[in-house]
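Open the model in a viewer and keep the selection panel at hand. The tour below goes from one selection to the next and says what is found at each stop.

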Amino acid sequence: MDNTIKTTGKPLQIGQNKTFRTISSHVNVIRKEIFIAYIIFTVLSIILLSVYTKGDLHLILNQYNSTFFDWFFKYTTHLGDGVMFGVLVVIFFFINKRMSLVFGIGGVLTLLVTHFFKKVIFRGIPRPAEFLGIENLHIIDGVKMAFWNSFPSGHTMTAFVIFGILCIYFRKCISQYLWMLLAIIAGISRVYLSQHFWADIFVGSVLGIIIAFVSMSLFFPERKKIH
């Protein structure tokens, strides 16, 4: 099997280096605008979580709804479904088998981290429907509500793992804007649907990005930086 990733730039060469240099080489293939967008998302999240309690913030955000967004987020939330890993494993099996392994290990790590946080460290943390009362929230028909194990958001984590990996794969490519946008939409959908608090999706995004870089680093130790 060819030891390079064929994408929109020069081939990505496989090397044997330490973890820090490996992850650093992956960071170098992300367009700076993507970092700026995520920094803005991070700063906004920190400000909101510092000013409001999680319950008050959720009630404020829950007021902003419409028929269109009810429909939009009801379906885009599936971007964070775990089955997406399986779909990508199959697709990339015919494109680049090494990438198929990346998505496979990314799915396993996401499952383990999600289970550890939700079922061990933060087990029993109430979700908005339980914490605030479902009668006080804007609820969308056809969406099955969850009530417990809120922190962090597994859907958001999954979305950021998947689209983070795609950002690294399509290095310096304008498609990275799309991957970041889809990840953020998946995260926001969880708040809009009252399945999670904002803190849940923020932490989920951070964990997802870490898992994405780790997953790529395990199978593609280093990239040559594109100038």
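**Stop 1: helix α3**

The model is a predicted one. To see the residues in question, select G55, L57, H58 and N62, which are the buried residues of α3, a helix that covers residues 54–62. Now turn the view to look down the axis of α3: these buried residues fall within an arc of 165 degrees, so they line one face of the helix. An α-helix has 3.6 residues a turn, so residues three or four places apart point the same way.

**Stop 2: the surface patch and α2**

Which helix gives the most to the patch? It is α2, with five residues.

Pick out V51, which is placed in α2. V51 has a relative accessible area of 56% and is exposed, because the cut-off for that class is over 50%.

Stay on α2 and select I46, which lies in this helix as well. I46 is partly exposed, at 44% relative accessibility.

**Stop 3: the nonpolar cores**

Hide the surface and select M99, F103, F163 and I165. The largest nonpolar core has 42 residues, and these four touch the most other members. The elements that give two or more residues to this core are α2, α5 (83–93), α6 (97–121), α8, α9 and α10. Colour α8 to see the largest share, which is eleven residues.

Then select F73, A129, V143 and I185. They are among the eight residues of a second, separate core.

**Stop 4**

**Stop 5: the loop between α7 and α8**

Move to P152, which lies in the loop between α7 and α8 (154–169). Show the backbone here: the peptide bond that joins F151 and P152 is cis, with omega at about -10 degrees.

In this loop between α7 and α8, select N149. N149 is not a glycine, yet its phi is positive, at about 55 degrees. N149 counts as buried, at 16% relative accessibility, because the cut-off for buried is under 20%.

**Stop 6: the loop between α8 and α9**

Last, select K172, found in the loop between α8 and α9. K172 also has a positive phi of about 55 degrees without being a glycine. Its relative accessible area is 31%, and K172 is partly exposed.

Terms used: Residues numbered from 1 in each chain as written. Predicted model: local features only at pLDDT ≥ 70, side-chain atom pairs only at ≥ 80, totals over all residues. Heavy atoms only, no water. Buried < 20%, exposed > 50% of the residue type's maximum accessible area, 1.4 Å probe, protein only. Helix = DSSP H or I, 4+ residues; strand = E, 2+ residues; numbered from the N terminus. Arc of directions from axis to C-beta. Core = buried A, V, L, I, M, F, W, Y, C linked by side-chain atoms within 4.5 Å.
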